[in-house]
Amino acid sequence: MAVEVPPSTAQPAPGAKIRILDTATQLFYLEGIHSIGVDRLISESSVTKATFYKHYGSKDALILAYIRARAAMEQERLERIVGEHDNPADSIRAVFADAARMILAPEFRGCAFINAAAEFPSETHPVRGLILDHRDWIADFLTGLLRELGHPLPGDGADDLQLVHDGAMTGGYAGDPIAATASLGRAVERLLAF
């Protein structure tokens with residue numbers, strides 16, 4: 001009598017290109033972009049040097065891929081949050097409640113985009129261009145929610161929300177995360193009470 005073996009539920013290991021990007025995403029966020037060398041990325045990704053260069057060509061190309069991936073991940077997260085709510089005010093509250101949750105997490109190291117911008121001070125560097133594109137997307141996203149809510153100055157309100165978010169992310173890492181998230185919540189409520 002043959003014994004039926006259930007199909008494996010184990011997920012296959014991600015491909016080398018994804019492993020490299022996943023490793024970079026973790027290390028760049030936790031330790032900084034400039035502090036992580038190619039040799040460490042190769043070692044921790046369990047790839048060869050030839051594989052690393054085949055997929056990315058250089059650390060600079062990997063950095064750009066990291067910023068693009070972080071932006072896409074954040075944009076997908078925000079769109080998902082909005083899709084879970086019936087009205088724009090609840091959507092905005094949920095977006096900033098999610099930011100507060102991240103700030104309070106033990107592995108929180110600040111905003112990945114602010115951190116990257118600090119490491120690339122030249123405004124003409126491609127990293128800064130990608131960060132600016134992402135920030136423009138966020139501003140448009142928040143403006144749309146505020147416009148839908150009937151805010152009289154949705155662009156100004158979006159700028160205010162983005163600045164409050166930046167402050168909470170920075171203050172939550174450099175200072176007291178509980179105070180930063182409480183302040184973030186109060187500021188969002190004030191901005192919604194137009």
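## Before you start

Residues are numbered from 1 along each chain as its sequence is written, and side-chain values use heavy atoms, with hydrogens and water left out. Because this is a predicted model, local features need pLDDT of at least 70 and side-chain atom pairs count only at pLDDT 80 or more, while totals for chains, interfaces and linings use all residues.

## The overall fold

Let's begin with the whole chain. Its secondary structure comes to nine helices and zero strands, and reading along the sequence gives the pattern α-α-α-α-α-α-α-α-α. Helices (H or I, at least four residues) and strands (E, at least two) are DSSP runs, numbered from the N terminus. Along its principal axes, the C-alpha trace spans about 65 × 60 × 30 Å.

The protein chain has 194 residues, of which 42% count as buried. Here buried means under 20% relative accessible area, exposed means over 50%, and partly exposed lies in between (1.4 Å probe, protein chains only). Contact means heavy atoms within 4.5 Å. Among the contacts with a separation of 6 or more, 65% come from residues 24 or more positions apart.

## The nonpolar core

The largest nonpolar core holds 54 residues, and F28 and L62 have the most contacts inside it. Helix α4 (residues 59–83) gives the largest share of this core, nine residues. A nonpolar core is a set of buried Ala, Val, Leu, Ile, Met, Phe, Trp, Tyr and Cys residues joined through side-chain atoms within 4.5 Å.

What does L62 touch, leaving aside its neighbours within four places in sequence? The list is I20, L21, A24, F28, L41, F52 and Y56.

## A look at V127

V127 has its place in helix α7, and with 0% relative accessibility this residue counts as buried. Leaving aside neighbours within four places in sequence, V127 is in contact with I63, L64, I67, A116 and F120. V127 and Y66 are 61 residues apart in sequence, and their C-alpha atoms are 9.7 Å apart in space.

## One cavity

The structure holds one cavity of 30 Å³ or more, and the largest cavity has a volume of about 40 Å³. A cavity is found on a 1 Å grid over the protein atoms alone, as a set of points where a 1.4 Å probe fits but cannot get out; lining residues have an atom within 4 Å of a point. Grid points are joined across faces, edges and corners, and a volume is the space filled by probe spheres set on the points.

Which residues line the largest cavity? They are F28, Y29, I33, Y66, A112, N115, A116 and E119. By class, the lining has six nonpolar, one polar and one charged residues. In this grouping, Ala, Val, Leu, Ile, Met, Phe, Trp, Tyr, Cys and Pro count as nonpolar, Asp, Glu, Lys and Arg as charged, and the others, Gly among them, as polar.

## Salt bridges

Side chains of opposite charge can pair when their charged atoms come close. A salt bridge is a side-chain nitrogen of Lys or Arg within 4 Å of a carboxyl oxygen of Asp or Glu, and by this rule the count comes to nine.

Helix α5 (residues 88–104) holds D90 and R93, three residues apart, about one turn of the helix. Their side chains meet in a salt bridge (3.7 Å, N to O). D90 is partly exposed at 33% relative accessibility, and R93 is partly exposed at 34%. D98 and R101 also both lie in helix α5, three residues apart, about one turn of the helix. The closest N and O atoms of their salt bridge are 2.9 Å apart. D98 is buried, with a relative accessible area of 12%, whereas R101 is partly exposed at 48%.

R135 and D166 form a salt bridge too, with the closest N and O atoms 2.7 Å apart. This pair links distant parts of the chain: R135 in helix α7 (residues 126–149) and D166 in helix α8 (residues 154–174), 31 residues apart. R135 is partly exposed at 28%, while D166 counts as buried at 13% relative accessibility.

Key. 1 Å grid on protein atoms, 1.4 Å probe; cavity = no way out; pocket = protein on both sides within 12 Å on 5 of 7 lines; lining within 4 Å.
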